[in-house]
Amino acid sequence: LREPSNCLFLAPLQQQVEGIVRPILNHILRGCPIEFGLRWRRNQLKIRNPAWKTPGFSTFTWLGADKATGRHIRGLPSQNMVILDEAGFIENLDKLVDRVLVYLLHQQKEPVMVMATTPSESLAHPFIVRFLKQAQDAGCYRRIRASENPDFTQADKKAILDANGKDENS
């Protein structure tokens, strides 16, 4: 919130993104001063920091990538950051990035694209074949195991093992 910016959050399905983003934003912004002028729309939040010297809002938009062409994403204003959650499960990820998302980040001073995912169902998915390798080669790949997450509890671990029919020694 240092200056007005735009951020797009994508998940494989609109239903997923609604269940992920809205609760997180509600939690983060619970104590936000009224001066920030939060404006909620269906899938967008606008924030105005009174400390900014220029007029404008920061806009946080969340969408599902479940429309394979990405046409519903075209036409958005230029973005400073694009976050793809569960990128390993987004259909046609390579086409979405090449034909739509790179143009949203075009002409930004320091554009950021973040791809996060649990293991993809296919080793042939573009996340594995292309984007993972590119991130590794660029030195910007980071792997975080669930067990390295401070919020990951023993109950979480047990639930995962139980769901997969495994025990501690598997």
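**A buried glutamine, a loop and a helix pair**

With a relative accessibility of 14%, Gln 44 counts as buried, because anything under 20% falls in that class. The model is a predicted one, and in it Gln 44 sits in strand β3, which covers residues 44–47. The side chain of Gln 44 makes a polar contact of 3.0 Å with the side chain of Thr 61. Setting aside neighbours within four places in sequence, the residues in contact with Gln 44 are Arg 39, Thr 59, Phe 60, Thr 61 and Trp 62.

Next comes the loop between β5 (81–85) and α2 (93–105), where Glu 86 is located. Glu 86 has a phi near 55°, a positive value in a residue other than glycine. Asn 92 belongs to the loop between β5 and α2 as well, and its phi is also positive, near 55°. Asn 92 comes out as partly exposed, because its relative accessibility is 30%.

For α2 and helix α3 (residues 126–138), the angle is about 45° and the axes lie 9 Å apart, so the two helices are oblique to each other. On the α2 side, the residues involved are Leu 93, Asp 94, Val 97 and Asp 98, and they meet Pro 126, Phe 127, Arg 130 and Phe 131 of α3. Sorted by class, this contact has 5 nonpolar and 3 charged residues, with no polar ones.

Definitions and conventions:
Residues are numbered from 1 along each chain as its sequence is written. This is a predicted model: local features need pLDDT of at least 70, side-chain atom pairs count only at pLDDT 80 or more; totals for chains, interfaces and linings use all residues. Side-chain values use heavy atoms; hydrogens and water are left out. Helices (H or I, at least four residues) and strands (E, at least two) are DSSP runs, numbered from the N terminus. Buried means under 20% relative accessible area, exposed over 50%, partly exposed in between (1.4 Å probe, protein chains only). A polar contact is a pair of N or O atoms within 3.5 Å; within protein, one must be able to donate a hydrogen and the other to accept it, and residues adjacent in sequence count only if both atoms are side-chain atoms. Contact means heavy atoms within 4.5 Å. Axes are lines fitted to C-alpha atoms, for helices over the stretch in contact, and angles run from 0 to 180 degrees between N-to-C directions. Angles under 35 degrees count as roughly parallel, over 145 as roughly antiparallel, 65 to 115 as roughly perpendicular and the rest as oblique. Ala, Val, Leu, Ile, Met, Phe, Trp, Tyr, Cys and Pro count as nonpolar, Asp, Glu, Lys and Arg as charged, and the others, Gly among them, as polar.
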